[in-house]
Each structure stands twice: as C-alpha cells, then as structure tokens.
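Please examine the sequence and the three-dimensional model shown below. The paragraphs that follow lead from contacts between chains to the arrangement within a single chain.

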Number of protein chains: 2
Amino acid sequence: MSKARAIGIDIGGTSLRAALVDSSGHILAREETATLAQAGPQAVVQQIADLVAKIAPDRTGITGAGISSPGPIDTERGLALGVPTLAGWSDIPIASMIQTALNLPVRLENDAIAAAIGEWKFGAGQGLSHLVYVTISTGIGGGVIADGKVLRGRMGMAGHIGHMTIERDGAPCACGNRGCWEAYASGTAFARRISPHFPNPKSAFAAAPSGDPRALQLVTEQADWLGIGIANLLHLFSPQTVILGGGIANGFPLLLPGITHRVQANAMPAFRDVPIVPAALGENAGLIGAAAMVM
Amino acid sequence: MSKARAIGIDIGGTSLRAALVDSSGHILAREETATLAQAGPQAVVQQIADLVAKIAPDRTGITGAGISSPGPIDTERGLALGVPTLAGWSDIPIASMIQTALNLPVRLENDAIAAAIGEWKFGAGQGLSHLVYVTISTGIGGGVIADGKVLRGRMGMAGHIGHMTIERDGAPCACGNRGCWEAYASGTAFARRISPHFPNPKSAFAAAPSGDPRALQLVTEQADWLGIGIANLLHLFSPQTVILGGGIANGFPLLLPGITHRVQANAMPAFRDVPIVPAALGENAGLIGAAAMVM
C-alpha cells in the first residue's frame, strides 16, 4: 500500500526550499536554491515549479502543496500583503499563482505557523492539544496550537508574538514601534548586545560554559528577556509546552536556566510547571509543517 | 413549538446570580443574592440550588446549567484550583458538586470566557469568527473566540490577559508579579491614580467632558495603558473586533480616542483597522454566556 505524500515549500528571503514528505513526516526528497527575492513574484513562482519538478517528477499519490511564506500574508484569501523581504509581494494572490503553476491543491500559511504545525505533527509537540512554538532568529515569530487546532485568527494573522509590547515606549523595533519583545529578545537584539565583546551569538554561547563572566552575563540577560515574553505566552494561550526554535535554539541549554528563573518569577502558580523545550525539526519544521497541511 | 432553555449561573465574590435563558439569549427569569463567600463551597452550592429552584421550578425543556466562576479553575476537570475571593475553593470538584445538587448537565467556565461567549452569541460579537473580549474592573480578564471556537487551552486557562508584562519589573500587581497590564490599566489602578483628585472613576469620567484638564489628563493616561495591551492582543490573537466590558465600559466614549491613538501607534498596519467596541450585555454577559454553553 503506497502512503500519501505531500509537497512542502518554504519561502524565505534568502533560501527557497522544497521537500517531498510522507505521511510520517519523513523527507523523501529535498531541494534548495537562493530565492530570487528581487525579481518579483512570478520569478519566485517559477523557481518553486522548478524545484517541485526535481523532487516530484511523478505526481502519483501527491495530495497537494503546502506553502510556508514570510508575512504579512492573508492566508484566508491566499494573498501576500507586502512581504518586506520579497520585492513586489504586495497584494499578490500568491496561493493561486502557485496553484496554477503546480496544478496541485495549494494551502498558504504564515511561516511560524507552518513550523508550529511541523513540530506539532512530527516534532517536539507530538500528541499535544495546546502548544506555542516560538522562533527566535532575525525577528521573533510564533505559531499556536490550541484545543487541538491551529490558531489562525483574522486573515490567518494570529501569533505575531514578537510585536507584543513588553516595555512601554522602549527600544526601537524593526516594525516601527518601540518596546516590542522582538526588540529585546530576537537574535538580532542579542547580536547587538554582545557585539562589543563577541563577534556573534555562537561565540558567546561557546565562551559561557567555561565561565567567561561577560558571556555568562550576556546569556543570562538574553534568557531573562526571553523568559518575560514566554511567561506572557503562558498566561495568554495556556499551552502544555512552549517550543523554542530558530537560530537561538543553538544556545538552548545555556539559556534554559535563566528563562526558567524568569518564568517562575512572572507566571502565576498554575502556569509554572509548563515545560519549555527545544524544537526537534530544526530548519525543516516549516517544510514538514507545510506538507502536513495538505495531507 | 417550545424553545430550548438553559440556566446560567454567575458566581462572583460579592454576588451570585442565576438566570433562565432562552435560545435567543433572552433572560426569562433572574435571581441574585449575596454570595456566602466565606462559608465554603457546599454553602455556595446550596445557594445555587435555591436560586435555580426559584427561576426554574419546572425543569421541562431545560438543557443544562452553565457556570461562570472566577479563576483559577481547571475547566477540563471541573475543579476550582484556589479562587482567592471564595474561601475553601481549593482543589474542589465544583462542577460535579453543582451537577449533583441540580441534577442537570453542568459545564464550568472561567468568568471572562463565559462573558466572551455571551457577547459572541448574543452581544457585540454576533456573527464574528474571531474576537477578544476584555473585562476591565477590579482586575483585567479576557476571553478569546478564534476561528469560530472558544479558545480554552490547557485546563481552560487561556486568556489571562491581565497578567502579560508590559513593563519589565514595573508596578506591583495583585498576582505578586510586577509590570502586568492589570497593574496599570485595571479599574483598581485607575482609581488609585485618580484618588488624589477624584473620589472615583465615575466622577473623573463626569468631569472630563466639561474640559477639566486634570480629568482629561487622567482619562488620557488610562486610555493609553489600555491601548498598549489592546495592541498586544491584536498581534497575538488577530481578532476581527475587540470588545471592552467591565466597570470601565462606563467611560468607553471618553477612553476610545486615547485607546485608538495608542493602537494606531503600536499596531502593525494590517491590524490597525480592527474595531474596538463596548460590550452590549453589561453585567449579564456571563450569565447569558454560561447558559449558551449548554444549549
């Protein structure tokens, strides 16, 4: 008996990835290329079609293609609303363009929600009914599973967790506002804080275990900012688990004590025992989650 | 043809209310008494049974009883977990105790979620798929409808929106943490800020329209704190509407300009056009919502 298979596509501002995924979440074939981010939507759609032709020359048994895209996108209507990292992706019916190019059912999803689905179905959140997936990289994104369903909201735009204010009129954020969680706890913010002392987050994480006091202090501070936002997410969504992904996950074991310390201080008692765990699927979470949406 | 009817019960630390509600959300009968908050759970259960006997001497066609309770409660298991305003409500199977006393199917819900259901089914949120209900009174509570479903989360404890940090290590909150939204924007916080100048919020709201500069400044400040949290909720849940209820709703027309100003400044463009509206059902939202849960 042949198992159902689906295509996952992960559109990033830098890399474009496509994978053929089976119903157990295993990647059967995978291709990646540099996104033609400045060439307009039609060029990227053609890149997607070319990748899919490579990973799935035979379409037999393929149920569809799930698309993970950076936001803001309106996933109810399949529209890109003005994606800052992709030129020309403004009020573009990207889902139907890809559907036409591939001649397959297509489902469009915000990238952090797609990754949350991947972790839920096949990663660190398997079997749970309620989870929050947090991706900490250039910015902070999130995807929420609640009551056994993906939380989407109006236009599929729920989970923009990086832009909750945690300091009124605080540090400037890339979104134009001030005091967003992302402005303090993203990989970008961490890299900026460590830059007088370390060339990159990886080197700070490498120096901390040997007791370098500067590295320890910077990692503790980063963990504290992460913990503030995570405690908020516990109160807002009441997950069974918080899953941390993105580039920062490399430092997870070093960050966890500081995160836990802040969460224990900030969360009400009934929320304090919720586990905080690292993502299991790494950079493939979005690809696998996108495919899972059309299985 | 007789319509289905259900009982709604709203347990408060001060008042205990019960209503018989029809399938259009109309209250057919209503009784209220002072809660025996210090007498233990069994006494309150007896009060509930007495009220229900008054409003529904005939049980014909009654589908069940929905219970709105202050938190923290575990609505998955029907347990009160340690309600601060009700003595002895700690690890008590309150749902099954009421079910036994009434001999009716019972469903237990957090009070702010029950009120959100009331506004969704029969109030300011009718016909919507995504909304956030915010109640601003002694504290701040919330209930979320997303994707056409009530958002409950682990133990039914989602929506504790008053305890998101909006200032790291900020003003002390009743929960023991610092910097919670509730510590700045609740009715209690507002009353504290105005207390050197006005005896109560009502008098500040009364003085503002005539141009009293102190009243205007205090109302504007309150609106700003409200707007910070509301902008967060837009990013987190992506509702189609935010509904404001609780005691503060008396000042809604005076607060709305300041709330809107802050939301426009803090929210990303795709979230800025979401209406912020007053609750329609007033203090009956919880009663009606509780009844709606068992219809």
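A salt bridge is here a side-chain nitrogen of Lys or Arg within 4 Å of a carboxyl oxygen of Asp or Glu. The model under discussion is a predicted one. Under this criterion, B:Arg262 and A:Asp169 form a salt bridge, with an N to O distance of 3.1 Å. This pair crosses between chains: B:Arg262 belongs to helix H8 (residues 252-266) of chain B, while A:Asp169 sits in the loop between strand E11 (149-150) and helix H4 (181-185) of chain A. B:Arg262 is buried, at a relative accessible area of 9%, whereas A:Asp169 is partly exposed at 46%. Side chains of opposite charge can pair when their charged atoms come close.

The interface to which this pair belongs may now be considered as a whole. Chain B and chain A each contribute 44 residues to the contact. About 3700 Å² is buried between the two chains, and carbon and sulfur atoms account for 53% of that area. Within chain B, the residues that lose the most area to chain A are B:Arg154, B:Arg168 and B:Leu236, which together supply 21% of what that side buries.

How many salt bridges are found across the interface of chain B and chain A? The count is six. In one salt bridge between the chains, the side chains of A:Arg154 and B:Asp273 meet at 2.8 Å, N to O. Polar contacts between chain B and chain A number 36 residue pairs, both residues being at pLDDT 80 or more. On the side of chain B that touches chain A, the elements giving two or more residues are strand E11 (149-150), helix H7 (213-237) and H8 of chain B. Of the elements on that side, H7(B) gives the most, with eight residues. By class, the side of chain B that touches chain A holds 21 nonpolar, 12 polar and 11 charged residues.

Attention now turns to the organisation of chain A. Its domain assignment gives domain 1 (5-115 + 284-293) and domain 2 (126-279). The contact between them draws 12 residues from domain 1 of chain A and 15 residues from domain 2 of chain A. Taken over C-alpha atoms, the centres of the two domains are 26 Å apart. The area buried between domain 1 and domain 2 of chain A is about 950 Å², with 56% given by carbon and sulfur atoms. On the domain 1 side, A:Glu76, A:Ala112 and A:Ile113 supply 45% of the area buried against domain 2, more than any other three residues.

Between these domains of chain A there is one salt bridge. A:Glu109 and A:Arg152 also form a salt bridge, with their closest N and O atoms 2.6 Å apart. Four residue pairs are in polar contact across the interface of domain 1 and domain 2 of chain A, both residues being at pLDDT 80 or more. The elements that give two or more residues to the domain 1 side are strand E5 (73-74), strand E8 (106-110) and helix H3 (111-122) of chain A. That side comprises six nonpolar, two polar and four charged residues.

Over all chains, the structure contains 24 salt bridges. One of them joins A:Glu221 and A:Arg193, whose closest N and O atoms are 3.9 Å apart. Because A:Glu221 lies in helix H7 (residues 213-237) of chain A and A:Arg193 in helix H5 (residues 187-194) of chain A, the pair ties together parts that are 28 residues apart in sequence. A:Glu221 is partly exposed, with a relative accessible area of 25%.

A network of salt bridges links A:Asp10, A:Arg17, A:Arg30, A:Glu32 and A:Glu283. A:Glu32 and A:Arg30 form a salt bridge of 3.0 Å, N to O. Both residues are partly exposed, A:Glu32 at 37% relative accessibility and A:Arg30 at 29%.

Is B:Arg17 buried or exposed? B:Arg17 is buried, because its relative accessible area is 14% and buried means under 20%. Its side chain makes a polar contact of 3.5 Å with that of B:Glu32 and a polar contact of 3.1 Å with that of B:Glu283. Apart from neighbours within four places in sequence, the residues in contact with B:Arg17 include B:Asp10, B:Arg30, B:Leu51 and B:Leu287.

Note on methods: Residues are numbered from 1 along each chain as its sequence is written. Chains are lettered from A and ligands numbered from 1 in the order in which they are written. This is a predicted model: local features need pLDDT of at least 70, side-chain atom pairs count only at pLDDT 80 or more; totals for chains, interfaces and linings use all residues. Side-chain values use heavy atoms; hydrogens and water are left out. Domain bounds come from an automatic or database domain assignment. Contact means heavy atoms within 4.5 Å. Buried area is the accessible area (1.4 Å probe) that two parts lose on being put together, summed over both. A polar contact is a pair of N or O atoms within 3.5 Å; within protein, one must be able to donate a hydrogen and the other to accept it, and residues adjacent in sequence count only if both atoms are side-chain atoms. Helices (H or I, at least four residues) and strands (E, at least two) are DSSP runs, numbered from the N terminus. Ala, Val, Leu, Ile, Met, Phe, Trp, Tyr, Cys and Pro count as nonpolar, Asp, Glu, Lys and Arg as charged, and the others, Gly among them, as polar. Buried means under 20% relative accessible area, exposed over 50%, partly exposed in between (1.4 Å probe, protein chains only).
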